[in-house]
Amino acid sequence: MKKLALHWKILIGMILGIIFGFIMNTVDGGKTFVGDWVKPFGTIFINLLKLIAVPLILASLIKGVSDLKDISKIKKMGLRTIAIYIVTTLVAIVIGLTIVNTVKPGEGMSVDTIEKIKEKYVSSDGVVDKLNKASNQNEAGPLQALVDIFPKNIFTALGDAKMLQIIFFSLFVGICLLLIPEKKAKPMVDFFDSLNEVVMKMVDLIMLFAPYAVFALLANVIIAFDDTEILVKLLWYSLCVVLGLFLMIVFYLVIVAVYTKKSPLWFLQQISPAQLLAFSTSSSAATLPVTMERVEEHIGVDKEVSGFVLPVGATINMDGTSLYQGVAAVFIMQVIWPEGLTFTNQLVIVFTALLASIGSAAVPSAGMVMLVIVLESIGFPAELMPIGLALIFAVDRPLDMCRTTVNVTGDATVSMLVAKSLDKLHEPKVKNWDDTYTGKI
C-alpha cells in the first residue's frame, strides 16, 4: 500500500466504501451502524479541508498578488480568467442541451412512475428546502450579487467562508501591499508566504487520511439510496447528464493537449486525487485546498496564478453544474410541461444557467437551487415546480458527485491555460509531507 500512488489509494478506498455500503444495506441495523460509526470519519475529513480552505485562499491570493509587482498584471490575469470561464461554461450548457434534445429522456415516462416519484419526494424536506432557498434568492434585488462581494466585516466573512468576499478582501490587501514601500510591505508578505507554506503542508498531512475518509463518505452515500426502482427509471436522464459531463472532460483534455502541449493522460494523473475527492465530497470548496496543491506542485502552475484562478473558479466556474441545469430543465419540461420546449426558452436557459453558475455556492446540491431559478426564468408553472424537482431528486446526489468532479477539472484546466498564456507554467516541484522533517515520531 505504501508504494501505491495517492490516487490509487483513494480509488481503492472508494471501491471498498461502495461495496461496504451495499453490504450494510442488506444487514439489519447496517444503516444505523454506518451513520453512527463510519460517517463521522468522512465528516471530520471534510471539516479539516474546509478548515484550511479559507486561510489558504487568504494567504495564496495576497502573496500571489503582491508578487506580481504590477497592478496591470492583475487586470490581465483577471480578464483572461473570467473570459475563459465564461467560454467553458457556455460550451458545457450547449453540450447538455444538445444531448437532452437528441436523446429526449423525458418522453415516454409512464404516469405511474411520475405519480410514484411525486408521492415519494414532492413533500420531502430536501425539495422544500431547495424551493425555499431559491425563493429567498429571488427576493433579493438585481444587484444583490454585486453587493454580496463587498464584506462589511472580514471576520464574519472568514467565519462564514464567503468566498467572493474573501477573494475581494485578499485582492484589496494584495493591491495595497503593491502601493506601499516594499520595505514596509515585506513583513506582511513574508507572513502570508509562510502561512501559505504551512497550510499546504497541512494539505499533505490531511491527504494521508484521504483513502479512509472516502471509504466512509462513499459508504454513507450508498446507504442513502433506498429506492433502486426509481433510480433505474431515471437511468436515461442520468446517462444524458453523465455523457455530457464526460464530453466536457474530453473537451478539457483536448484544450490541455493543444494549448499547453501537455499529455492529457499526464494531466489526469496529476489532478486525479482532487477529482476523486470532489466526487466523494460533492463540494468544490472542500476540495479547493487539494486542487491548489495538485495544480501548484504536481502540474507546475505558479502560485500567483493558482492562488487567483482556483478560488475564483470554485466560486463562479460551475461547468458541470451548468450542464446539469440545462439537461435537468429540458428533461423536466419533456415530462410535465412539453409546451414550454421552445427555441426561445432554451436560449433563455443558456443565458440564465450561465448567470446562475456564477452565483452557485460551492456546496453539495447547490445546483438544484439554481435550477429553480433557471426554470422560473422561462415561466415554468409555479404549481408544477415541486413535481419537477421531485422528478430528479432521487438521483441528484450521485449526479452532484459527477458534476463537482467536472467543476474541479475545469478549474484546474483554466489555471493551466491562464498560466501558459502568462508564461507561468513550469516544471512541477513535488513536495512530500515529510520532506523537511528530520526527527522521529
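Tutor: Start with Asp190 and Lys186. Both sit in helix H9 (residues 182-207), four residues apart, about one turn of the helix. Helices here are DSSP runs of H or I, at least four residues, and strands are runs of E, at least two, numbered from the N terminus. The model is predicted: local features need pLDDT of at least 70, side-chain atom pairs count only at pLDDT 80 or more, and totals for chains, interfaces and linings use all residues. Residues are numbered from 1 along each chain as its sequence is written, and side-chain values use heavy atoms, with hydrogens and water left out.

Student: What makes Asp190 and Lys186 a salt bridge?

Tutor: The term needs a side-chain nitrogen of Lys or Arg within 4 Å of a carboxyl oxygen of Asp or Glu. The closest N and O atoms of Asp190 and Lys186 are 2.8 Å apart, so the pair qualifies.

Student: Why is Asp190 called partly exposed?

Tutor: Buried means under 20% relative accessible area, exposed over 50%, and partly exposed in between (1.4 Å probe, protein chains only). Asp190 has 37%, so it counts as partly exposed.

Student: Which residue does Glu197 form a salt bridge with?

Tutor: Lys303, with the closest N and O atoms 2.5 Å apart. This pair links distant parts of the chain: Glu197 is in helix H9, Lys303 in helix H15 (residues 303-316), 106 residues apart. Glu197, at 32%, is partly exposed. Lys303, at 28%, is partly exposed.

Student: How do you know that Lys262 and Glu427 form a salt bridge?

Tutor: Their closest N and O atoms are 4.0 Å apart. Lys262 lies in the loop between helix H12 (235-260) and helix H13 (264-281), and Glu427 in the segment after H20, so the pair ties together parts 165 residues apart in sequence. Glu427 has 59% relative accessibility, so it counts as exposed.

Student: How many salt bridges does the structure hold?

Tutor: Eight.

Student: Is Asn407 buried or exposed?

Tutor: Asn407 has 2% relative accessibility, so it counts as buried. Asn407 is found in helix H20 (residues 396-421).
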